[in-house]
Structure formats: structure tokens, C-alpha cells
Amino acid sequence: HKEGLLAICVPREEGGTGASFRTYCLAAAEMGRFCGATALSWNMHVCSTLWSGALADDLDMDATMRGEHERRRAKHYRRIVEDGAVYSQSFSEGGAAAAGGAAFETQAKPVDGGWLVSGKKIFASLAGHADYYGVLCTEVGEDGKASRRNTLYLAVPAKADGVVVVGDWDPLGMRGTVSRTLLFKDVFVEADAA
């Protein structure tokens, strides 16, 4: 955080370094020459800023949707830039969802002011160490059917009621990211977490 590495891919206008994807890759490679575990863990955080940044910027959004997205991501970027918040990615469930073949089993039920999230993510990088878990989940429609078209990316606060980290992990023998299992049981996530 002190060196600005957490905000490397946060746009300059949001207080970050505004590095390109290429620059990010070069920085990761250089970091990995000295400590692969640090580079990999750092990657899991930085990718969260890429999902809401450069990758989302390439999506077709109308002006209203684009404005709402930019307002929401600015909140997350401030947490990273000002507070040194660490985000992680929590996609894996052990099935076809993470590869885009099915809807995520982790579900977000719309409620007043946000969602209630329930489900399980395996191999969740930085589990127990990140401040926010970037969780891909399926918003449950009124018909109760799960669809890949209803995928949400939500920043779930690590200290929220109903978030539990389980399982053992040996960073030296397995992987330096400490990728334990995350359980979510009716976790309230505010609307701006999207």
C-alpha cells in the first residue's frame, strides 16, 4: 500500500497509478522473480480492480448503467487507495460455473438495500486475510431460476455476519495465496457492493 502497488490498476483520476494491463503484467513478473507467493497473492487483489476497471470499461453499457458502475467502483477504489483495503477473487465452486458453463450456485437474493448472499466458494485466494471478497454469484430472479445472465460481482466484507473461512492451508506446501474455503450464510451485502 505504501508503495502504491495495491492501486496499480486503479485509474489516476481515482487516485491510483493508472497502469496498463501490460505494465501490471511486467510488475507481476518482476515481483515473481523474487517471491512467487507475494506476486500471486498481489495478483489476486489487483485482478479485482481489473474486473471493475479495464475489463468493465470494454463492456457495452448505456449512459445510466455506466454512470452507476463508475459511482460504485469509485467507492471501492477509495478503500484501496486511502485505506489499503485488500480485495480478493472468489469464483471457484468446483463445477462448471467458474468456466462460464453454468450459473453460480452461490446466490444473491434481492432484499431492501442490497442482497442476501448464501453459498460456498472453494480455493478462495486470500481467504481469512482479505478485507473484501470479490464474489461471483447469481442473482435470484422472481421466478427463482438461476441464469448466467444474472451474474453479479459483489464485494463482500470479510467481517460481515455470516462469512466463515474453513479448512486448513499450508502456504509453503500448497500455494502462497492461502486459498481456503469461504462459506456465506444469509450475508447482507449493500447495493453499492456491486
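Predicted model: local features only at pLDDT ≥ 70, side-chain atom pairs only at ≥ 80, totals over all residues.
Which element gives the largest share of the lining of the largest pocket? It's helix α3, with eight residues.

View 1. The space inside comes to about 800 Å³. Helices α2 and α3 each give two or more residues to the lining, and so do the strands β4 (132–139) and β5 (151–157). Sort the lining by class and you get 16 nonpolar residues, seven polar ones and four charged ones.

**View 2. Helix α2 packs against helix α3.** Here α2 covers residues 36–57 and α3 covers residues 63–83. Their axes sit 11 Å apart, at an angle of about 155°. Angles over 145 degrees count as roughly antiparallel, so that is how α2 and α3 run relative to each other. The crossing of α2 past α3 is left-handed. On the α2 side, the contact is made by H45, T49, S52, G53, A56 and D57. Facing them from α3 are R66, H69, R73, Y77 and I80.

**View 3. Helix α1 meets helix α2.** Now look at the other partner of α2, helix α1, which spans residues 21–34. The two axes come within 7 Å and cross at roughly 160°. That angle makes α1 roughly antiparallel to α2. This time the crossing is right-handed. From α1, the residues involved are F21, Y24, A27, A28, M31, G32 and F34. From α2, they are G36, T38, A39, W42, N43, V46, C47 and L50. What classes of residue make up this contact? There are 11 nonpolar and four polar residues, with no charged ones.

**View 4. A103 sits in a loop between two strands.** The strands on either side of this loop are β1 (87–90) and β2 (107–111). Which residues does A103 touch once its neighbours within four places in sequence are left aside? They are A97, T138, A146, S147 and R148. Take T138 as one of these: along the chain, A103 and T138 are 35 residues apart, yet their C-alpha atoms are separated by 6.3 Å.

Terms used:
Residues numbered from 1 in each chain as written. Heavy atoms only, no water. Axes fitted to C-alpha atoms, helices over the stretch in contact; angles between N-to-C directions. Helix = DSSP H or I, 4+ residues; strand = E, 2+ residues; numbered from the N terminus. Parallel < 35°, antiparallel > 145°, perpendicular 65-115°, else oblique. Left-handed = near helix turned anticlockwise from the far one by under 90°. Contact = heavy atoms within 4.5 Å. 1 Å grid on protein atoms, 1.4 Å probe; cavity = no way out; pocket = protein on both sides within 12 Å on 5 of 7 lines; lining within 4 Å. Points joined across faces, edges and corners; volume = space filled by probe spheres on them. Nonpolar A, V, L, I, M, F, W, Y, C, P; charged D, E, K, R; others polar.
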